[in-house]
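Please keep the sequence and the structure in view while reading the points below.

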Amino acid sequence: MSITVRVPAKVNVQLAVGAPRPDGYHDLANVFLAVGLYDTVTATPADGLRLTVTGPDAAQVPLDGSNLAARAALALAERAGRTADVHLHIAKDIPVAGGMAGGSADAAAALVACDALWGLATPREVLLSICADLGSDVPFSLVGEAALGTGRGEKLEPLQVGGTFHWVFAAADGGLSTPAVYREFDRLCEGREVPAPTAAPALLAALRDGDPHALAATVDNDLQAAALSLNPALAATLAAGTEAGALAALVSGSGPTTAFLAE
Ligand code: C5P
């Protein structure tokens, strides 16, 4: 028997970032939107934990204990008092280290797949807390659709979306390290008061109304300047999208993937 789980990438239509906290993380108002670009994780019984990856970016995915999907399987097995005897195969379409939560998606999918394969029926709150331990974006990958993430992004409140939005994504060569982008954000903010992050009511209304023009007028990513500072070539990609008629052009999360909202 095997279990296959398909899991979407995300774009952040608003990513408001506060000052660094004592624990090194930043408080966020993070408006996540799942998009129709998917990884697929298949879990099959095996002797021990085995991981394989296929797809255009497969060579960049770590296959050791740092892989988030492997860590998810181990965390669930430990909680269930069993061994993580599973072969996880990831068919990867989401860019690696691209700011689209690809690693987080694989972790959430591995949890759901192993939970079903091992017949655990783990309560959703427990799955969500394992996700939060694995990374700030992993809880959203478990719930999908649209949500406002607060805290470090792990506390989720579902959001209504009243229509379909059409996106074009430009994958960049190479990745950006999320901690490095947050460090650059802190550097750029030095000597300035950083306001507490809040979700913009007009943006939430645009999502609710399914109105792409209103959404385009309100999208906002506080990490964009930091991502552009570390990868200045992204500015030309954003400009090309705007010239091609995009309603809005922005860096996705910590980048370097760029996202273009279309009519
Ligand atoms: O939670 P996750 O492991 O995905 O975070 C990766 C890194 O991104 C953290 O170590 C931290 O440097 C940065 N981060 C942050 N504030 C957040 C989320 C992530 O500073 N809310």
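The side chain of Lys-10 makes a polar contact with the side chain of Asn-12, at 2.6 Å. A polar contact is a pair of N or O atoms within 3.5 Å; within protein, one must be able to donate a hydrogen and the other to accept it, and residues adjacent in sequence count only if both atoms are side-chain atoms. The model is predicted: local features need pLDDT of at least 70, side-chain atom pairs count only at pLDDT 80 or more, and totals for chains, interfaces and linings use all residues. Residues are numbered from 1 along each chain as its sequence is written, and side-chain values use heavy atoms, with hydrogens and water left out.

- Lys-10 lies in strand β1; helices (H or I, at least four residues) and strands (E, at least two) are DSSP runs, numbered from the N terminus.
- Is Lys-10 buried or exposed? Lys-10 is buried, with a relative accessible area of 4%, where buried means under 20% relative accessible area, exposed over 50%, and partly exposed in between (1.4 Å probe, protein chains only).
- A polar atom of the Lys-10 side chain lies 3.2 Å from the backbone oxygen of Gly-99.
- Leaving aside neighbours within four places in sequence, the residues in contact with Lys-10 (heavy atoms within 4.5 Å) include Phe-32, Val-35, Met-100, Ala-101, Asp-137 and Ser-252.

**Two domains and their interface**

- The domain assignment, which is automatic or from a database, gives domain 1 (3–158) and domain 2 (166–262).
- The centres of the two domains, taken over C-alpha atoms, are 22 Å apart.
- At the interface, 24 residues of domain 1 are in contact with 31 residues of domain 2.
- About 2100 Å² is buried between the domains, and carbon and sulfur atoms give 66% of this area; buried area is the accessible area (1.4 Å probe) that two parts lose on being put together, summed over both.
- Zero salt bridges are counted between domain 1 and domain 2, a salt bridge being a side-chain nitrogen of Lys or Arg within 4 Å of a carboxyl oxygen of Asp or Glu.
- Twelve residue pairs, both members at pLDDT 80 or more, are in polar contact across the interface.
- On the side of domain 1 that touches domain 2, β1 (3–20) and β2 (26–45) each supply at least two residues, and β1 gives the most, with eleven residues.

**Helix α3**

- In helix α3 (residues 124–134), the buried residues are Val-126, Leu-127, Ile-130, Cys-131, Ala-132 and Leu-134.
- The elements covering these buried residues include α1 (68–80), α2 (102–117) and α4 (138–143).
- An α-helix has 3.6 residues a turn, so residues three or four places apart point the same way.

**Backbone features**

- Most residues other than glycine have a negative phi, and most peptide bonds are trans.
- Ala-97 is not a glycine, yet has a positive phi of about 50 degrees; this residue is in the loop between β4 (86–91) and α2.
- Ala-101, also not a glycine, has a positive phi of about 65 degrees and is found in the loop between β4 and α2.
- Ala-97 is partly exposed, at 43% relative accessible area, whereas Ala-101 counts as buried, at 11%.
- The peptide bond joining Gly-255 and Pro-256 is cis, with omega about 5 degrees, and Pro-256 is in the loop between β9 (248–251) and β10 (258–262).
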